[in-house]
Amino acid sequence: MSSTDHRLMVAADADAQARLAAQRLIARIELHHDRPAICLTGGSGPQRMFELLAGEFEPRIPWQRVHWFISDERFVPENDPLSNIGAARRAFLDGRAPPQNIHSIPTDAASPDDAARRYEAELKAFYGRDQLAPERPLFDLVLGGVGPDGHTASLFPGRPQLLIQDRWAAGVDTAPVEPLVPRVTLTFPALASCAEMLFLAHGAAKRDILARVFAGEDLPSAHARSQGETVWLVTQDALPENARGA
């Protein structure tokens with residue numbers, strides 16, 4: 001990944017990062033006055049931002065118009081503590097977003113592959129066509145993170161899901177990192193179909209993997225990018241030496 005592929009923003013700390021992320025999310029919503037689509041991510045990265053969306057920033061979101069999706073999901077019931085969309089619901093969606101505007105991956109399906117097929121069908125119905133068009137993004141904003149092995153969403157290094165170009169979602173039978181449960185993930189083409197992809201990384205524990213990503217190592221999070229704008233929003237303590245001054 002070269003420095004021309006992305007924009008790097010550095011926040012003083014996790015609270016400042018959450019505020020900047022919430023502001024960028026709301027700015028994308030405001031640019032799409034009809035039916036904004038936001039693709040959320042799981043993990044710890046967005047949790048402070050979720051708290052802001054449920055509090056200080058709540059009045060700025062046109063809840064009746066915004067549709068919420070998820071980039072990947074653990075194959076567990078939605079009320080399971082491991083559920084990504086379940087965590088987002090509890091943090092800020094429930095009681096604010098209309099239920100029909102929350103697009104969960106159907107983990108009540110028979111298998112991760114079946115859930116992926118059903119979610120792809122829902123995405124296509126929302127989008128209004130079966131093929132993604134570069135001039136019309138599926139999402140206004142895709143939130144992303146980076147795992148300790150360089151994965152993003154549930155696209156793991158060396159796995160066949162990385163090569164999929166003809167599907168929008170895919171099942172993942174096994175995950176190489178905790179929690180060791182099957183997953184469902186959006187594919188690179190679906191993630192790329194956005195006006196902005198916003199990666200969040202905070203904490204000193206992220207510094208080594210970010211150094212590898214920014215050095216252009218063959219890692220999923222280094223290959224994920226938007227057809228529009230790709231932004232890495234990292235905290236000062238996560239910033240590796242090879243990104244300083246970028």
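E196 and R24 are both buried in this predicted model. Their side chains meet in a salt bridge, with 2.7 Å from N to O. E196 belongs to strand β8 and R24 to helix α1 (residues 14-31), so the pair ties together parts that are 172 residues apart in sequence. E196 has another such partner. The side chains of R28 and E196 also form a salt bridge, at 2.8 Å from N to O. R28 lies in helix α1 and E196 in strand β8, so here the parts tied together are 168 residues apart in sequence. R28 is buried, as is E196.

These pairs belong to a wider arrangement. R7, R24, R28, E196 and E229 are linked in a network of salt bridges. The count for the model comes to 13 salt bridges. One of them joins the side chains of E217 and R212, at 2.7 Å from N to O.

Helix α6 comes next. The helix spans residues 207-214, and its buried residues are I209, L210, V213 and F214. These residues cover an arc of only 135° around the axis, which means that they lie on the same side of α6. Several elements cover them. The cover includes β1 (7-11), β8, α7 (220-223) and β9 (229-235). After α6 comes G216, whose phi is positive, near 85°.

The model has one cavity of 30 Å³ or more. The largest cavity holds about 50 Å³ of space. Its lining consists of T41, S71, V142, L143, G144, T152, A153, L191, M197, F199 and A224. Two elements, β5 (139-144) and β8 (194-201), each give two or more residues to this lining. The largest share, three residues, comes from β5. By class, the lining has seven nonpolar and four polar residues.

E120 lies in helix α4, which covers residues 112-127. Is E120 buried or exposed? Its relative accessible area is 10%, so E120 is buried. Beyond its neighbours within four places in sequence, E120 is in contact with R167, W168 and A169. R48 lies elsewhere. E120 and R48 are 72 residues apart in sequence, and their C-alpha atoms are 29 Å apart in space.

Finally, β8 gives two or more residues to the lining of the largest cavity.

How values were computed: Residues are numbered from 1 along each chain as its sequence is written. This is a predicted model: local features need pLDDT of at least 70, side-chain atom pairs count only at pLDDT 80 or more; totals for chains, interfaces and linings use all residues. Side-chain values use heavy atoms; hydrogens and water are left out. On a 1 Å grid over the protein atoms alone, a cavity is a set of points where a 1.4 Å probe fits but cannot get out, and a pocket is an open set with protein on both sides within 12 Å along at least five of seven lines; lining residues have an atom within 4 Å of a point. Grid points are joined across faces, edges and corners, and a volume is the space filled by probe spheres set on the points. Helices (H or I, at least four residues) and strands (E, at least two) are DSSP runs, numbered from the N terminus. Ala, Val, Leu, Ile, Met, Phe, Trp, Tyr, Cys and Pro count as nonpolar, Asp, Glu, Lys and Arg as charged, and the others, Gly among them, as polar. Buried means under 20% relative accessible area, exposed over 50%, partly exposed in between (1.4 Å probe, protein chains only). The arc is that of the directions from the helix axis to the C-beta atoms. Contact means heavy atoms within 4.5 Å. A salt bridge is a side-chain nitrogen of Lys or Arg within 4 Å of a carboxyl oxygen of Asp or Glu.
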